[in-house]
Amino acid sequence: GWTADSILTDQIDLIRAQIGDRKVICGLSGGVDSAVAAAIVHKAVGDQLTCVFVDHGLLRAGEREQVQRDYVAATGIKLVTVDAQEQFLTALAGVTEPEAKRKIIGREFIRSFENAAASIAQEEGGVDFLVQGTLYPDVVESGGGTGTATIKSHHNVGGLPDDLKFALVEPLRALFKDEVRLLGAELGLPPEIVGRQPFPGPGLGIRIIGEVTHARLELLRTADAIVREELTAAGLDTAIWQCPVVLLAEVRSVGVQGDGRTYGHPIVLRPVSSEDAMTADWSRIPYDLLAKISNRITGEVADVNRVVLDITSKPPGTIEWE
Ligand code: XMP
């Protein structure tokens, strides 16, 4: 039968046999798959592993700390953080078209990762392996060839170009997401990482409708933190698949606050229920909770004077707005 313990022991033996005494790197995204994959490899080969975390400036509040502080404390993993916020903002300046944003973010991510990998290789005297958090459904999907057109170009931490000369280490290839979460818990990883809902690689960059700027990121980060805090407090984290929070940065509407007229931006709440993100329905969140979230966002986030609820299923809407 399947036990977290037996899976771990088997994988550790396999990884030791594969890697031997050579060096390995892994990109961490803040999500559960890369975190668990890296932790297993670290159990197997210790400090032969170096992890890389690219902070592209499009993360949510607290995510960098979860990786840099909590994850490192839980695992003892050797971590290099790349501070690439300025690089990404510069590359995104003036860009509003969703696919253009996605491609730029993917490209800059690979650039940052390659640079970090090159300096690690230099320090370590060569790196031969790259850890990827590929799950069983990803394996099936890429072999399946469904022939559907690309709707959005996905950016994943694992989505690196073929000309990176690494052999892959994929300890999660036989597992489903819930099994990965069990392993993560068994490994003592931070609950915020093990239980994290899906969050897209391009991050908040595709949740600002319009140009991505520092000020808009700060605003959206604050609104997003409020929504997450309230959904968690209401005990809805497992009932809801995820809840993108979107800033309509190029829309303004008139409002009134205190005794003055405001002319601010709307924030969209997009809570969805889903099994696999292929289809989704909008989540029927209690009205009182929506009211509380709306009051907090308009009260606490400068320049936001309206909160709206997205009541579109997928299809026809996608989960993310871009
Ligand atoms: P859509 O918007 O296509 O999203 O309905 C389906 C699911 O995928 C997530 N998503 C991404 N995840 N890289 C990721 O790792 C991406 O580029 C990306 N784009 C969307 C989205 O959050 C939802 O769970």
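Modeller: Let us begin with domains, whose bounds come from an automatic or database domain assignment. This is a predicted model, and the assignment divides the chain into domain 1 (4-194) and domain 2 (207-309). Taken over C-alpha atoms, their centres are 28 Å apart.

Biologist: How many residues of domain 1 and of domain 2 are in contact with one another?

Modeller: Two residues are in contact if their C-beta atoms lie within 7 Å. Here nine residues of domain 1 meet eight residues of domain 2. The side that domain 1 contributes consists of five nonpolar, three polar and one charged residues.

Biologist: Which residues does the UniProt annotation "binding site" cover?

Modeller: According to the unreviewed UniProt entry, they are Ser-29, Gly-30, Gly-31, Val-32, Asp-33, Ser-34 and Ala-35. Val-32 belongs to helix α2, which comprises residues 32-45, and Ala-35 lies in helix α2 as well.

Biologist: Is Val-32 buried or exposed?

Modeller: A residue is buried if 20 or more other C-beta atoms lie within 10 Å of its own. Val-32 has 24 such atoms within 10 Å and is therefore buried. Beyond its neighbours within four places in sequence, Val-32 is in contact with Val-180, Arg-181, Gly-184, Ile-193, Val-194 and Arg-196.

Biologist: Why is Ala-35 classed as buried?

Modeller: Ala-35 is buried because 29 other C-beta atoms lie within 10 Å. With neighbours within four places in sequence again left aside, Ala-35 is in contact with Leu-28, Tyr-71, Gly-184, Leu-189 and Ile-193.

Technical notes. Residues are numbered from 1 along each chain as its sequence is written. This is a predicted model: local features need pLDDT of at least 70, side-chain atom pairs count only at pLDDT 80 or more; totals for chains, interfaces and linings use all residues. Ala, Val, Leu, Ile, Met, Phe, Trp, Tyr, Cys and Pro count as nonpolar, Asp, Glu, Lys and Arg as charged, and the others, Gly among them, as polar. UniProt positions are given in the numbering used here, feature names are shortened, and annotations may be inferred rather than shown by experiment. Helices (H or I, at least four residues) and strands (E, at least two) are DSSP runs, numbered from the N terminus. A residue is buried if 20 or more other C-beta atoms lie within 10 Å of its own, exposed if 12 or fewer, and partly exposed in between; C-beta atoms are placed from the backbone.
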